[in-house]
Amino acid sequence: MESKHQIEIERKYLVDLVGELPQPVVSDILQTYLLSDDGSVRRVRRRCGVLPDDRPRFFYTAKRRIAYDRSFEHEEEIDEARYTRLLAERDPQRGTVHKQRIVFSYRDQCFELDRFVSPALDHCLLEIEGAESADQVSLPPFLRVVADVTGSSDYSNANIALRVPQGFQLQEQVSLLPFNTFGIDALARRFAVLHSVDDYRSLLRSQLLSQMPFFVLGGGSNVVFTGDYQGLVVHPANRGIRLLDQRDGFCFVEAQAGEKWDDFVRYCIAFGWHGLENMVAIPGCVGAAPVQNVGAYGREAKDVIHRVHAFDIATGLERWFDASECGFAYRWSRFKGDLKNRYLIDRVVFRLESAFRPLLSYKALAAALAAGGNDSPSAAEVAAAVSSMRDSKLPDPKVIGSAGSFFKNPVVPLSQAQQLLHDYPSLVSFPVDARHTKLAAGWLIEQCGWKGRDQGRVGVYEKQALVLVNRGGCNGSEVRALADRIADDVRSRFGVSLECEAIFV
Ligand code: EPU
């Protein structure tokens, strides 16, 4: 078994994944801090590769910091029995950190990238050991540095362990402002954050969901609160992404419901699991993707979802739904229909492809890539093109509140579409099937003169008429009033009914 003593000089960065990683090796780490009476930081670690045959290894480490960026470290491999004994000395203030370690080489330098599952961090933490200064290291282009956090106590693992959530807790009167992209200030009477599958089980055992109205709030990117919510808001925040199987050219990848959708897409691109790149940068969480079958730039969630795992709210029983049982349609699934409020989705398995085949059926995307002279784009390049198209049309929810597309694109009978095309030759439409056509709602709204127009504190985005935006401090009733006026105008001018994609709660 290994044992080593050394002075460790490390630099740490918060980073995002923005491309494919070269031959990453992944392991799962559980790290528990132990009580210490001499000022050193003591911990035990269980490390295990993610392949089915990988066996866990156990380590004990004692670290003493001697400067802001260096520490003296003793590490030894231990057996499982000693690991279990040492766990009894755990520091009660600190929870067990769960992270995925991704190791790869780039230009002869070894990099260690940690993606925190619990507590969840917004970015990955990159540690570069043995580097005296940032100038010595060439940071790889597939990582985007968000901040240099070398020496920052916030990002020492021992302090991250202070932030591990401690089980399922019910909170009262919680502001929903940070939990909805429209930026509407409303309160939830009760609020439960689910950090793990055990939290789902605890919530279901509590029977709270049968005692009061409840609402499952993922990323809050598709919801408008029309007042305080008098029931229980359930917020899935369970994280974790893992490759389950690789066969016949497919990668089966499981993601927990609380993973941010965009993080998940970028992770898959980084690992070479293909099929999600056209859906990069969609706000929201993985658990919501099957509910409304999210889609963009020619790809819909239904094309890549393999199966969905959920809890039956009435009985607490768990079950899988195969994709074919989900009733997927345009921005629709059974979870919005007959299964609404009957199941709580905790994870989704995706069927992705090992080989990359760009999907360029969306004309504007193909045109953007062709304009850049790129006729065989990589997955990362497709994602970059989609991202920049989205940036040019859709507001950044961190800057301007919105719920993305506010209305669905209406599907009308072919005969009605033909009549409209006759009257309005510039009408934008997409074929659906032999009898139906989908109309671009953005075009209809723009023709009614709404693009860029405000009504009080709510407006229609100047670059995409399908998007309603918060001009500052608006409430849900104001949003509804504007949505109704727009729908009325479109109905009286074109005889077409607009249906909201966003939901009022
Ligand atoms: N258009 C206009 N004026 C506008 C907006 C659009 O004339 O103000 C016309 C344009 O001709 C444009 C066409 O409508 O070519 C389509 O517009 P865009 O590519 O922006 O797509 P969309 O149909 O408006 C849908 C999704 C978006 C998704 C994009 C790209 C719905 C309800 N919306 O919008 O999804 O990103 O396609 O695939 O299906 C979302 O759901 O929140 C969302 C942003």
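1. In this predicted model, helix α8 covers residues 379–393 and so comprises 15 residues. The distance from its first C-alpha to its last is 21 Å, close to the 21 Å expected at 1.5 Å a residue.

2. Which residues of α8 are buried? They are Ala-379, Ala-380, Val-382, Ala-383, Ala-385 and Val-386. An α-helix has 3.6 residues a turn, so residues three or four places apart point the same way. The elements that cover the buried residues of α8 include α5 (261–271) and α7 (363–371).

3. Helix α5, named above as part of that cover, is itself mostly covered, with 10 of its 11 residues buried. The buried residues are Trp-261, Asp-262, Asp-263, Phe-264, Val-265, Arg-266, Tyr-267, Cys-268, Ile-269 and Ala-270. After α5 comes Gly-272, which has a positive phi near 75°.

4. Turning to the protein as a whole, the model contains 11 helices and 29 strands. Its radius of gyration is 25 Å, close to the 23 Å that the globule rule gives for 505 residues, so the protein is as compact as a globular protein of that length. Along the principal axes, the C-alpha atoms fill a box of roughly 80 × 60 × 45 Å.

5. Burial and contact order may be read together. Of the 505 residues, 38% count as buried. When contacts between residues at least 6 apart in sequence are considered, 63% of them join residues at least 24 apart.

6. The domain assignment divides the protein into domain 1 (3–163), domain 2 (170–236), domain 3 (241–390) and domain 4 (395–504). The C-alpha centres of domain 2 and domain 3 are 24 Å apart. To the contact between these two, domain 2 contributes 12 residues and domain 3 contributes 14 residues.

7. Which helix gives the most to the side of domain 2 that touches domain 3? It is α3 (residues 197–206), with 4 residues. By type, the residues on this side of domain 2 divide into 6 nonpolar, 5 polar and 1 charged.

8. The ligand has 19 residues around it, of which Gly-404, Ser-405, Ala-440, Gly-442 and Ala-465 come nearest. The largest share, 3 residues, comes from α10.

9. From which domains does the shell around the ligand draw at least three residues each? These are domain 3 (241–390) and domain 4 (395–504). The shell residues comprise 9 nonpolar, 5 polar and 5 charged.

10. Some backbone features deserve a check against the displayed structure. Most residues other than glycine have a negative phi, and most peptide bonds are trans. The peptide bond from Ser-118 to Pro-119, however, is cis, with omega near -5°. Pro-119 is placed in the loop between β7 (109–118) and β8 (124–129).

11. Arg-107 is not a glycine, yet it has a positive phi of about 50°. This residue lies in the loop between β6 (97–106) and β7. Is Arg-107 buried or exposed? Arg-107 counts as exposed because it has 9 C-beta neighbours inside 10 Å, and the cut-off for exposure is 12 or fewer.

12. Asp-248 also has a positive phi of about 50° although it is not a glycine. Its place is the loop between β15 (241–247) and β16 (250–256). Asp-248 counts as exposed because it has 6 C-beta neighbours inside 10 Å.

13. Pro-56 is found in the loop between β3 (41–49) and β4 (57–67). Having 14 C-beta neighbours inside 10 Å, Pro-56 counts as partly exposed. With its neighbours within four places in sequence left aside, Pro-56 is in contact with Arg-46, Arg-47 and Cys-48. Pro-56 and Arg-347 are 291 residues apart along the chain, and their C-alpha atoms are separated by 25 Å.

Key
Residues are numbered from 1 along each chain as its sequence is written. This is a predicted model: local features need pLDDT of at least 70, side-chain atom pairs count only at pLDDT 80 or more; totals for chains, interfaces and linings use all residues. Domain bounds come from an automatic or database domain assignment. Two residues are in contact if their C-beta atoms, placed from the backbone, lie within 7 Å. Helices (H or I, at least four residues) and strands (E, at least two) are DSSP runs, numbered from the N terminus. Ala, Val, Leu, Ile, Met, Phe, Trp, Tyr, Cys and Pro count as nonpolar, Asp, Glu, Lys and Arg as charged, and the others, Gly among them, as polar. A residue is near a molecule or strand if its C-beta atom, placed from the backbone, lies within 6 Å of it. The radius of gyration is taken over C-alpha atoms; the globule rule is 2.2 Å times the number of residues to the power 0.38. A residue is buried if 20 or more other C-beta atoms lie within 10 Å of its own, exposed if 12 or fewer, and partly exposed in between; C-beta atoms are placed from the backbone. The expected span of a helix is 1.5 Å times one less than its number of residues.
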